[in-house]
Amino acid sequence: MALSFYDISVPVFVRGLGQLSHVLDKGLAHAQASGTDPAALFNARLAPDMFTLAGQVQSASDASKLGTARIAGITAPSFPDTETSYAELQARVAKTIEFLNGVDRAGVDGAEAREVVMKVRGNELKFTAERYLLQFALPNFFFHVTTAYDVLRHSGVPLSKLDYLGRF
């Protein structure tokens, strides 16, 4: 059975965001159970030059919605990075999933050769949509999902590998 371009993009992003939502829930539950201020986790980071947990969630949202929009040749919704609570982070994840679930499969399948152009730090990067998805969008997305998990784990939230991977 061959996988379609849609199958290796949109559902992968949706599943990853679902697991991100799950680990966020566990982080909030841990903070509440331990009497920790949830803001301490919200603002936690692994290193001074890295994004906070909130920044990692925002970046995972952006990576998935922009990645999908670029390969589908559509415009992604703009979400300002103004979240200040767990509820707002969860709402952002939910809005991102809603957008992804609304992307037309026909706009993604067959778009492997579509040109994707990105401006990064003043440089223009050109990819085919296939190369962009496999070599930039997916790795970037999973970097931020994994780092969000790691921030929570490093902060004492009892997470396991299955919290990241999910149930099959």
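Buried means under 20% relative accessible area, exposed means over 50%, and partly exposed is in between (1.4 Å probe, protein chains only). The model in these views is predicted: local features need pLDDT of at least 70, side-chain atom pairs count only at pLDDT 80 or more, and totals for chains, interfaces and linings use all residues. Residues are numbered from 1 along each chain as its sequence is written, and side-chain values use heavy atoms, with hydrogens and water left out.

**View 1. Asp 163 and Lys 26 form a salt bridge.**
A salt bridge is a side-chain nitrogen of Lys or Arg within 4 Å of a carboxyl oxygen of Asp or Glu. Here the closest N and O atoms are 3.2 Å apart. The pair links distant parts of the chain: Asp 163 sits in helix 7 and Lys 26 in helix 1, 137 residues apart. Helices (H or I, at least four residues) and strands (E, at least two) are DSSP runs, numbered from the N terminus. Asp 163 counts as buried, at 9% relative accessibility. Lys 26 is partly exposed, at 29%. The structure holds nine salt bridges.

**View 2. Five charged residues are linked in a network of salt bridges.**
The members are Asp 62, Lys 65, Asp 81, Glu 83 and Arg 92. Asp 81 bridges to Arg 92, with the closest N and O atoms 2.9 Å apart. This pair also links distant parts of the chain: Asp 81 is in the loop between helix 3 and helix 4, while Arg 92 is in helix 4, 11 residues apart. Is Arg 92 buried or exposed? Arg 92 is buried, with a relative accessible area of 1%. Asp 81 is partly exposed, at 49%.

Lys 65 is buried, with a relative accessible area of 3%. Asp 62 is partly exposed, at 21%. Contact means heavy atoms within 4.5 Å. Not counting residues up to four places away in sequence, Lys 65 touches Ala 76, Pro 77, Ser 78, Phe 79, Thr 96, Phe 99 and Leu 100.

**View 3. Phe 99 lies in helix 4.**
Phe 99 counts as buried, at 15% relative accessibility. Which residues does Phe 99 touch, not counting those up to four places away in sequence? They are Lys 65, Ala 69, Ile 74, Thr 75, Ala 76 and Pro 77. Glu 88 is 11 residues from Phe 99 along the chain, and their C-alpha atoms are separated by 16 Å.

**View 4. Leu 152 is among the residues with the most contacts inside the largest nonpolar core.**
A nonpolar core is a set of buried Ala, Val, Leu, Ile, Met, Phe, Trp, Tyr and Cys residues joined through side-chain atoms within 4.5 Å. How many residues does the largest nonpolar core have? The count is 46, and Leu 20, Leu 24 and Leu 53 join Leu 152 among those with the most contacts inside this core. Helix 1 (10-34), helix 2 (38-42), helix 3 (53-72), helix 4 (86-101), strand 1 (115-120) and helix 6 (129-154) each supply at least two residues. Helix 6 gives the most, with 11 residues. Leaving aside neighbours within four places in sequence, Leu 152 is in contact with Val 23, Leu 24, Gly 27, Leu 41, Leu 53, Tyr 86, Val 157 and Leu 159.

**View 5. Ile 71 is a buried residue in helix 3.**
The relative accessible area of Ile 71 is 0%. Ile 71 and Phe 5 are 66 residues apart in sequence, yet 9.4 Å apart in space, C-alpha to C-alpha. Not counting residues up to four places away in sequence, Ile 71 touches Phe 5, Ser 9, Gly 107, Val 108, Ala 111, Arg 114, Ala 129, Tyr 132 and Leu 133.

**View 6. Arg 121 lies in the loop between strand 1 and strand 2 (123-128).**
Arg 121 is exposed, with a relative accessible area of 83%. Phi of Arg 121 is near 50°, a positive value in a residue other than glycine.
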